Amino acid sequence: MTAVLRVDGLTKQFPKDDNAIVALRDFSLEIAEGSFVTVLGRSGCGKSTMLNLLAGLAEPTSGTVHYRARRLTGPHVEIGYLTQSDTLMPWRDVRRNVEMPLEIRGVPAARRRRAAAELIRRVGLTGFEKHYPRELSGGMRRRASLARLLAGEPETLLMDEPFGALDAQLRTELQAELLRLWQGSGQTVVFVTHDTEEALLLGDRVVVLGNLGRIVLDRAVDLPRPRAVDTARIDPAFVALHGELASALKEVAQ
């Protein structure tokens with residue numbers, strides 16, 4: 001399959017006083033077009049730094065990022081990024097938040113409203129179009145953020161633990177919703193998580209990171225879709241893969 005993202009020898013250092021803190025060292029990875037890749041790792045292993053570099057929001061100290069064979073030197077219109085933190089505009093209601101990427105691109109108002117209405121429906125927020133972020137629950141804000149991300153119709157979605165702060169039930173619902181929106185879209189997803197079960201439920205490939213972004217395991221996930229949490233937990237193949245990933249994380253910790 002065609003590699004939509006290619007990372008070669010990526011290193012990122014942050015200056016601190018007279019020293020440099022290394023967040024990522026000599027990291028290389030290829031992401032195939034249309035794939036759903038989950039990146040699994042403990043806190044502090046460089047996952048978020050990696051995504052910032054893939055999004056073109058940070059400049060590497062050394063190494064390169066290529067998107068569709070062209071060197072990435074800044075944000076790209078075809079790469080959407082959903083961060084851990086809530087970035088909805090507090091002065092805009094749900095509809096106008098979702099419309100924002102279309103507004104930036106100069107899409108006429110009538111078309112923006114139609115597109116936003118459809119995305120709001122798809123993420124289950126119909127009836128909340130006029131609500132402001134402060135009037136929404138955490139899960140609803142995540143849904144609105146996902147709709148805004150999709151409004152820009154990016155080819156590639158970067159997602160940094162987007163459901164990590166939610167309760168288990170809501171997290172499961174949004175995982176299923178994300179998969180439903182992704183399947184058949186042709187979009188590429190790079191999804192960062194520290195949750196082994198989430199990595200397996202979502203990804204068709206799991207990359208496990210150790211310290212400074214060292215890849216300790218790169219594993220294809222050959223489990224059939226859809227993958228329901230309750231049935232997956234008793235599936236011998238799922239249990240075996242879960243154990244393999246858990247062992248890789250344990251090796252990192254030691």
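Trainee: Which residue stands opposite His-66 in E4?
Mentor: Arg-6 stands opposite His-66. The strand E1 (residues 3-16) pairs with E4 in the antiparallel sense over 5 bridges. This is a predicted model, in which local features need pLDDT of at least 70, side-chain atom pairs count only at pLDDT 80 or more, and totals for chains, interfaces and linings use all residues. Residues are numbered from 1 along each chain as its sequence is written, and side-chain values use heavy atoms, with hydrogens and water left out.

Trainee: What makes two strands count as paired?
Mentor: DSSP must find at least two bridges between them. E1 and E4 have 5 bridges, so they count as paired under that rule. The elements themselves are DSSP runs numbered from the N terminus: helices are H or I with at least four residues, and strands are E with at least two.

Trainee: Why are E2 and E5 said to stand at the edges?
Mentor: The open sheet of 4 strands has the order E2-E1-E4-E5, with antiparallel pairing. Strand E2 (19-32) and E5 each have a single partner strand, so one side of each lacks a neighbour in the sheet.

Trainee: Why is Glu-161 called buried?
Mentor: Buried means under 20% relative accessible area, exposed means over 50%, and partly exposed lies in between (1.4 Å probe, protein chains only). Glu-161 has a relative accessible area of 15%, and is therefore buried. Glu-161 lies in the loop between E7 and H5, and its phi is near 40°, a positive value in a residue other than glycine.

Trainee: What makes Arg-68 partly exposed?
Mentor: Arg-68 has 34% relative accessibility, and so counts as partly exposed. Arg-68 is found in the loop between strand E4 (62-67) and strand E5 (70-71), and its phi is near 50°, again positive in a residue other than glycine.

Trainee: What makes a set of residues a nonpolar core?
Mentor: The set consists of buried Ala, Val, Leu, Ile, Met, Phe, Trp, Tyr and Cys residues joined through side-chain atoms within 4.5 Å. The largest such core has 33 residues, and those with the most contacts inside it are Phe-36, Val-98, Met-159 and Phe-191. H4 gives the most to this core, with 7 residues.

Trainee: Why is H4 called roughly parallel to H5?
Mentor: Angles under 35 degrees count as roughly parallel, over 145 as roughly antiparallel, 65 to 115 as roughly perpendicular, and the rest as oblique. Axes are lines fitted to C-alpha atoms, for helices over the stretch in contact, and angles run from 0 to 180 degrees between N-to-C directions. H4 and H5 pack at an angle of about 15°, with their axes 11 Å apart. H4 is therefore roughly parallel to H5. In contact, meaning heavy atoms within 4.5 Å, are residues including Leu-146 of H4 and Leu-178 of H5.
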